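Dear colleague,

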Amino acid sequence: MDKNDRKDIKLGSTVLFSISDIENKSPCYSLENFTLEDRPHKALAFKSIIIPAYNNADTVNYNVKYKLTSGDDILIVPFGENLSASVENKVNFLVTLQPGGRVEKIFVEFGEVPVGFNPIDKKPIILEFITSSNIKDYDPVLDSEIRGTADNIAYFSFTVK
């Protein structure tokens, strides 16, 4: 789903979001503490992340972490550790959360990345979510609206910002 695309999504269905241009664009300098952070809306239950293979990544290994709320606890949990950035990796979210628990943040910590660190074939990072079946979870979603029901299935529409 690209920024500013308007989409109709069936509640309870799987959606994919792509994040492009995650790379070191400096022609001269490596970057330290290179990290991608995503904050999914509460109506989106995190399922998996696919991180493409990168150029100039022979020495780059990364970690995937999640900030979880589960009951009264807030946890930073590693799920993919020391993954090679020179190959594509899929990391599945395998935790059963307590009622009301959710993934608040997703981190991909690349650490130091060299000049020319960019995804092979310009592939994006793909985040997979399952949309909530509870209409109340969508209030408020930025620039969204419940579009009604068809065959007893609710749909919502939103613009990615």
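Below are some notes on one serine and on the aromatic rings.

Please keep in mind throughout that this is a predicted model.

I would begin with Ser-48, which is found in strand 4, the stretch made up of residues 44-51. Its relative accessible area is 1%, and because buried means under 20%, Ser-48 counts as buried. The side chain of Ser-48 is joined to that of Glu-128 by a polar contact of 2.7 Å. Leaving aside residues up to four places away in sequence, Ser-48 touches Lys-90, Val-91, Asn-92, Phe-93, Ile-126, Leu-127 and Glu-128.

Turning to the aromatic rings, the count comes to 11 aromatic pairs. One of them is formed by Tyr-54 and Phe-117, which are stacked, with 4.3 Å from centre to centre and 10° between the planes. Tyr-54 lies in strand 5 and Phe-117 in the loop between strand 9 and strand 10, so this pair ties together parts that are 63 residues apart in sequence. Both Tyr-54 and Phe-117 are buried.

The rings of Tyr-62 and Phe-110 form a tilted pair, with their centres 5.1 Å apart and their planes at 50°. Since Tyr-62 belongs to strand 6 and Phe-110 to strand 9, the pair links parts 48 residues apart in sequence. Tyr-62 is buried at 0% relative accessibility, and Phe-110 is buried with a relative accessible area of 3%.

Finally, Phe-17, Phe-46, Tyr-66, Phe-93 and Phe-129 form one aromatic cluster, and Phe-93 is also among the residues that Ser-48 touches.

Technical notes: Residues numbered from 1 in each chain as written. Predicted model: local features only at pLDDT ≥ 70, side-chain atom pairs only at ≥ 80, totals over all residues. Heavy atoms only, no water. Helix = DSSP H or I, 4+ residues; strand = E, 2+ residues; numbered from the N terminus. Buried < 20%, exposed > 50% of the residue type's maximum accessible area, 1.4 Å probe, protein only. Polar contact = N/O pair within 3.5 Å; in protein donor to acceptor, adjacent residues only side chain to side chain. Contact = heavy atoms within 4.5 Å. Phe/Tyr/Trp six-rings, centres within 6.5 Å; stacked < 30°, edge-to-face > 60°.
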